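Subject: A structure for you to look through

Dear colleague,

I am handing over a structure that I would like you to open beside this message. Please read my notes slowly, with the model on your screen, and check each place as you come to it.

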Amino acid sequence: MENLSIRNVSTFEHLELDAHSQSWVRSINHCFTEDTTVENAYLPGLYITLLGQCQYSTPNSPQEKLDNYNYHYAVALADEPCTSSVVFPSNATWQTLSIMLPLAQLHEYGISSVSEVAHHFRPEARISELGAISGDILRCCESVWQCEFKGLERQLFIRAKAFEVLSLFLHKRREDSQYGMSSRMSQLREALNHVEDNLDQDWTLSSLARLAGSNQTYIKQDIKGLVGTSFRKWLNKKRLNIALERLSGDAPIHQIADDIGIKSQAYLATLFKAEFGLSPSEYRQALLLKRSA
């Protein structure tokens, strides 16, 4: 296993974007000939990373488990100096174009806050957003990775493409933000409809967030605004309403509980009585008495 600093990767290139803001662009287009651990050091800043071919694992993950980041972008925040290490297997290709903007100088690029760049920004997480690269940005990156210019011409070309990538990325962020909230709520409605059609599954807030293409920070706010309560209360209400309907039939109560995703008959009884004032068996008995009267 070879161990390298990112600066020692043979195809590593680092260029200052301008003379005064301390922003930079880095490019790598490399094929590893042996298993290699690459360590990267981060200074405080906002990092926009575009990936072409890229599969790697982390030092603590199982050796055979590779994370596939082919043709993805990542927005990351480093609020203090930190390091990270990734492991590339032999014959792996790593194509990356990374832009760093110092936090104190974001305004020089027309960015008033990090949330303008990362729609799903989470203060507790260093990687704020991960997604697929759009075609126009990918073509800019590929032109850098495939560029055969040398010397000053190459430096000028990479800087120009970095500014083009940055302008396209920021434009898409701001364009999306105009429709972001309505789109997010629409996705949440679709996700809730899916949950309602599949109540037997084990739903959590994190699984709902994944289904809606959001995260737990946003989903808590959005679901409260959409349905007026928490996801857990909404889910229990939907399940109990189905149980109420099913109890008019002859299905066993434990089967009803299982069909609506409630762990046990006893837990169903607890929830049901808290909501309706009767246990499921008491409610069913009351229905039978009413019918026979």
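Asn-215 lies in the loop that runs between helix H3 (205-212) and helix H4 (216-227), and in this model, which is a predicted one, Asn-215 is buried, with a relative accessible area of 8%, where buried means under 20%. Although Asn-215 and Glu-129 are 86 residues apart along the chain, their C-alpha atoms are separated by 9.9 Å.

The next part concerns a pair of helices. Two packed helices are described by the angle between their axes and by the distance between those axes. Helix H5 (residues 231-246) packs against helix H7 (residues 265-276) at an angle of about 90°, and their axes are 10 Å apart, so H5 and H7 are roughly perpendicular to each other. From H5, the residues that take part are Asn-236, Lys-237, Leu-240, Asn-241, Ala-243 and Leu-244, and the residues they meet in H7 are Leu-268, Leu-271, Phe-272, Glu-275 and Phe-276. Sorted by class, this contact of H5 with H7 has seven nonpolar, two polar and two charged residues.

Which residues of H7 are buried? They are Leu-268, Leu-271 and Phe-272, and because they cover an arc of only 100° around the axis, they lie on the same side of H7. As for its length, H7 has twelve residues and reaches 16 Å from its first C-alpha to its last, which is close to the 16 Å expected at 1.5 Å a residue. Just after H7 comes Gly-277, with a positive phi of about 85°.

Two further places deserve a look for their backbone angles. Most residues other than glycine have a negative phi. Tyr-71, however, has a positive phi of about 60° although it is not a glycine; Tyr-71 is found in the loop between strand S6 (67-68) and strand S7 (72-78), and with a relative accessible area of 34% it is partly exposed. Asn-91 likewise has a positive phi, near 75°, and is a residue other than glycine. Its place is the loop between strand S8 (82-88) and strand S9 (93-101), where Asn-91 counts as exposed at 61% relative accessibility.

Lastly, please turn to His-14, which has its place in strand S2 (residues 13-16) and counts as partly exposed at 24% relative accessibility. What is His-14 in contact with, once its neighbours within four places in sequence are left aside? The residues are Arg-7, Trp-24, Val-25 and Arg-26. Ala-74, by contrast, is 60 residues from His-14 in sequence and 19 Å from it in space, taken from C-alpha to C-alpha.

Key. Residues are numbered from 1 along each chain as its sequence is written. This is a predicted model: local features need pLDDT of at least 70, side-chain atom pairs count only at pLDDT 80 or more; totals for chains, interfaces and linings use all residues. Side-chain values use heavy atoms; hydrogens and water are left out. Axes are lines fitted to C-alpha atoms, for helices over the stretch in contact, and angles run from 0 to 180 degrees between N-to-C directions. Helices (H or I, at least four residues) and strands (E, at least two) are DSSP runs, numbered from the N terminus. Angles under 35 degrees count as roughly parallel, over 145 as roughly antiparallel, 65 to 115 as roughly perpendicular and the rest as oblique. Contact means heavy atoms within 4.5 Å. Ala, Val, Leu, Ile, Met, Phe, Trp, Tyr, Cys and Pro count as nonpolar, Asp, Glu, Lys and Arg as charged, and the others, Gly among them, as polar. The expected span of a helix is 1.5 Å times one less than its number of residues. Buried means under 20% relative accessible area, exposed over 50%, partly exposed in between (1.4 Å probe, protein chains only). The arc is that of the directions from the helix axis to the C-beta atoms.
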